[in-house]
Amino acid sequence: MSNNPREPRHLDAVVIGAGFGGMYALHRLRDDLGMDVRAFEAGDGVGGTWYWNRYPGARCDAESILYSYSFDQDLQDSWTWSERYAAQPELLAYAEHVADRFDLRRSIDFGTRVSAAHYDEERKLWRVSTGTGTEVLARYLVTALGFLSASQSPDIDGLADFGGEVHHTGHWPHEGVDLDGKRVAVIGTGSSGIQAIPEIARQAAHLTVFQRTPHFSVPARNRPLTEEEVARVRADYPALRAEAGENAAGLIVAAAPGNAADLSPEERAAELQRRWEAGGLGFLSSFEDFLMDEDANATAAEFVRERIQETVRDARTAELLTPADYPIGTKRICLDTGYYETYNRDDVSLVSIREHPIERVTPTGVRVNGVDHEVDVIVLATGFDAFTGPYTRMDLRGRGGRPISQAWEEGPRSYLGVAVAGFPNMFTITGPGSPSALTNVLASIEQHVDWITDHIGYLEESGMVAEAEEAAQDAWVDHVGEIASYTLYPKAGSWYMGANVPGKPRVFLPYAGGLPLYREQCDKVAAEGYTGFAHTPRECGPAHDPVRKNPNSSY
Ligand code: NAP
C-alpha cells in the first residue's frame with residue numbers, strides 16, 4: 001500500500017453488481033483465488049434482476065431446477081424449488097441463501113452505485129469511483145452489470161406531470177403497489193407486461209393495456225413441483241446439468257424431430273400441439289429450423305395465431321393481439337399464465353398504439369387518437385436498454401481515457417463477449433457478443449465466471465495484464481454477425497437488435513451460436529494460452545500492491 005494518505009485503497013479486483021453474475025464472480029475470485037475483492041452493488045441487497053423486478057407476476061422463464069447455480073453440490077442439495085418457474089420472491093430468497101452460505105455480504109458495498117471506472121494506463125490499475133464517494137484502485141474490473149438492468153422509459157409528453165403513480169416494472173417499489181380498486185394503464189406487452197397483465201387485472205378496478213406491437217406468447221404451464229419430482233431431480237442433478245450443458249440454450253428440452261419440411265403437415269401440427277401443451281421455451285425447438293427457415297417459422301407462428309383467435313372472444317381484440325409482421329421467436333418469446341384469457345374480462349381493455357401512438361399523458365390519464373383514458377396508475381413495462389445501456393450509462397473509460405460510449409458508437413465491440421479492446425484487465429460477464437440472452441443465463445454466467453477466473457489466475461501467476469486484440473475482436477464481432485445472419489433474428493425490431501431504444505445502432509447483440517459451440521471456442525482460446533489477448537508485463541511500480549492472498553481482508 002502506498003504511504004500517500006490520499007492514495008485510494010488498493011484491491012486486487014472490483015466486481016460491479018451483486019446479481020447472480022457478481023455473486024459467483026466474487027465467490028470464485030475471493031474464495032478460490034484468494035484475492036482481495038470488493039463488489040459494489042447499487043441495490044440494498046443481492047439478487048440483481050430479482051432484487052429490482054418485483055412487479056406482480058414476475059418469475060423466471062427457464063425452469064427453476066436449471067435456473068440456479070450448479071457449481072456446488074451441497075448448495076444444490078440445500079435448496080428446494082417449489083414451482084416449475086419460481087416467482088420473484090423465491091428467486092430473491094435463493095440469491096440471499098447463496099449470499100449467506102458463502103458469506104458474500106461482507107465483501108459487498110450495498111447501496112453503492114459505481115459512477116466511474118477509469119483505466120490508469122501508467123499504473124495499469126482501474127480507478128473506480130462510487131456515488132457514495134468511495135474510490136479504490138484495482139488490477140481487475142469485473143463487470144457483472146446484467147444485460148437487462150438499464151430500464152428504458154418512453155419519452156411521452158406529459159408523463160412527468162401525471163397526477164397519479166408511475167412505476168417501471170424494472171424498478172417496482174419494494175413495499176408493493178396497492179392496485180385495489182384503481183384504474184391502471186400498462187404500457188408495453190413484452191415478457192414483463194405479459195407476466196404482469198393477468199395479475200394486475202385481478203387486482204385493479206379496470207386495466208387498460210396500451211400495445212404497440214403484439215408479442216407471441218406460449219403457455220408457461222407453471223405448477224408446483226411434487227415431492228417425487230424434487231427427489232428425482234436431486235438424485236439426477238449431475239446428469240441433468242450435463243444434459244442441459246449439451247443444449248444450445250443450456251436447457252433441457254425435447255429434441256426437435258427434424259426440420260419442419262421433413263414432417264408431414266399432420267406431424268408438424270402434432271409436434272406444435274405437444275409442445276404447446278407441455279408449455280415453456282421448448283416450443284422454440286419444435287423444428288430444428290424453427291429460427292432459421294421462414295416457412296418452418298411461419299407454420300409455428302400460424303399455430304400460435306390460431307390459439308389466440310380461439311382464446312380471445314372479441315374478434316377485434318383478438319386481431320389486435322395477433323402478431324403478423326415478424327417471425328415468432330425473433331422478438332423474445334414470452335411465457336404466460338392466462339395472458340390471452342385476460343382480455344375476455346369485462347374490466348380489461350386493449351388500446352393499440354401502433355397506428356396512433358400515445359399523444360400525451362394528461363394529469364389524469366393517457367390520450368390516444370383524441371381519446372382520454374382516465375387512470376390512477378401507469379405501469380411502464382417498456383423494457384431495457386439491453387447489453388450496452390449498463391455500460392454507456394456509467395463513466396467507463398479505457399486506455400487513453402476513451403469512453404466506452406465512443407468505443408461502441410457504432411454498436412458494441414467485444415472479444416468473446418468477455419473483453420473489450422482498449423479496456424485492459426476488464427472482464428464483462430454476459431457482455432454483448434456472448435450467448436447470455438439466448439440461454440438459461442445461470443448456465444452462461446457460470447461458464448463466463450469460470451473462464452474469467454481461470455484467466456485472472458493465469459495473469460496473477462504470470463504477472464501479466466490482458467487486453468483483447470483489435471484483430472481478434474473484429475473477427476469475433478464478424479462471427480457474431482455472421483451467425484445471426486443465418487437466423488431469422490435480424491427480421492424483427494427487437495431489443496436483441498437494439499431496435500427498442502431510439503438512436504441505438506441496429507446490431508445483433510447476443511451470440512446466436514449456442515452455448516456448447518461458444519464454450520468450445522472459449523476453451524480453445526484458453527488452452528492455446530489466451531489467443532487473441534495481448535499479455536504485457538504488469539511491471540511492479542511503486543504504487544503496485546502485490547496480491548495479498550487474504551480472503552478475509554475487508555478494506
Ligand atoms: P420488452 O420485451 O422490450 O418489451 C417492452 C414493451 O414495451 C414492448 O411491447 C414495446 O413495444 C413496448 N414499448 C417500448 N417502448 C415503448 C414506447 N415508447 N411506446 C409504447 N410502447 C413501448 O421488455 P420486457 O417486457 O421488460 O422484457 C425484456 C426482456 O427481459 C425479455 O425479453 C426477457 O428476456 C426478460 N424478461 C424475462 C422475463 C421472464 O419471463 N423471466 C420476464 C420479464 C422480462 P415494441 O414491441 O413495439 O417495441
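This is a predicted model: local features need pLDDT of at least 70, side-chain atom pairs count only at pLDDT 80 or more; totals for chains, interfaces and linings use all residues.
Cys-522 is another buried cysteine, at 2% relative accessible area, and Cys-522 leads us to the helix packing, since the residue belongs to the contact between helix 13 and helix 15.

Let us turn to the helix pairs. Two packed helices are described by the angle between their axes and the distance between the axes.

| Helix pair | Angle between axes | Distance between axes |
|---|---|---|
| Helix 7 (residues 265–278) and helix 8 (residues 294–311) | about 55° | 11 Å |
| Helix 13 (residues 441–462) and helix 15 (residues 515–527) | roughly 5° | within 11 Å |
| Helix 1 (residues 20–32) and helix 13 | about 30° | 9 Å |

Start with helix 13 and helix 15, whose axes cross at roughly 5°. Angles under 35 degrees count as roughly parallel, so helix 13 is roughly parallel to helix 15. On the helix 13 side, the contact is made by Ala-443, Ser-444, Gln-447, His-448 and Trp-451. Helix 15 contributes Leu-515, Tyr-518, Arg-519, Cys-522, Asp-523, Val-525 and Ala-526. Sorted by class, this contact has 7 nonpolar, 3 polar and 2 charged residues.

Helix 13 also packs with helix 1, at an angle of about 30°, which makes helix 1 roughly parallel to helix 13. Their crossing is right-handed. From helix 1, the contact takes in Phe-20, Gly-21, Tyr-24, Ala-25, Arg-28 and Leu-29. Helix 13 meets them with Leu-442, Ile-445, Glu-446, Val-449, Asp-450, Thr-453 and Ile-456. The residues of this contact divide into 8 nonpolar, 2 polar and 3 charged.

That leaves helix 7 and helix 8, which pack at about 55°, an angle that makes helix 7 oblique to helix 8. Helix 7 passes helix 8 in a right-handed crossing. Arg-268, Ala-269, Leu-272, Gln-273 and Trp-276 form the helix 7 side of the contact, while Thr-299, Ala-300, Phe-303, Val-304 and Arg-307 form the helix 8 side. By class, there are 6 nonpolar, 2 polar and 2 charged residues in this contact.

Methods
Residues are numbered from 1 along each chain as its sequence is written. Side-chain values use heavy atoms; hydrogens and water are left out. Buried means under 20% relative accessible area, exposed over 50%, partly exposed in between (1.4 Å probe, protein chains only). Axes are lines fitted to C-alpha atoms, for helices over the stretch in contact, and angles run from 0 to 180 degrees between N-to-C directions. Helices (H or I, at least four residues) and strands (E, at least two) are DSSP runs, numbered from the N terminus. Angles under 35 degrees count as roughly parallel, over 145 as roughly antiparallel, 65 to 115 as roughly perpendicular and the rest as oblique. A crossing is left-handed if the near helix is turned anticlockwise from the far one by less than a right angle, and right-handed if clockwise. Contact means heavy atoms within 4.5 Å. Ala, Val, Leu, Ile, Met, Phe, Trp, Tyr, Cys and Pro count as nonpolar, Asp, Glu, Lys and Arg as charged, and the others, Gly among them, as polar.
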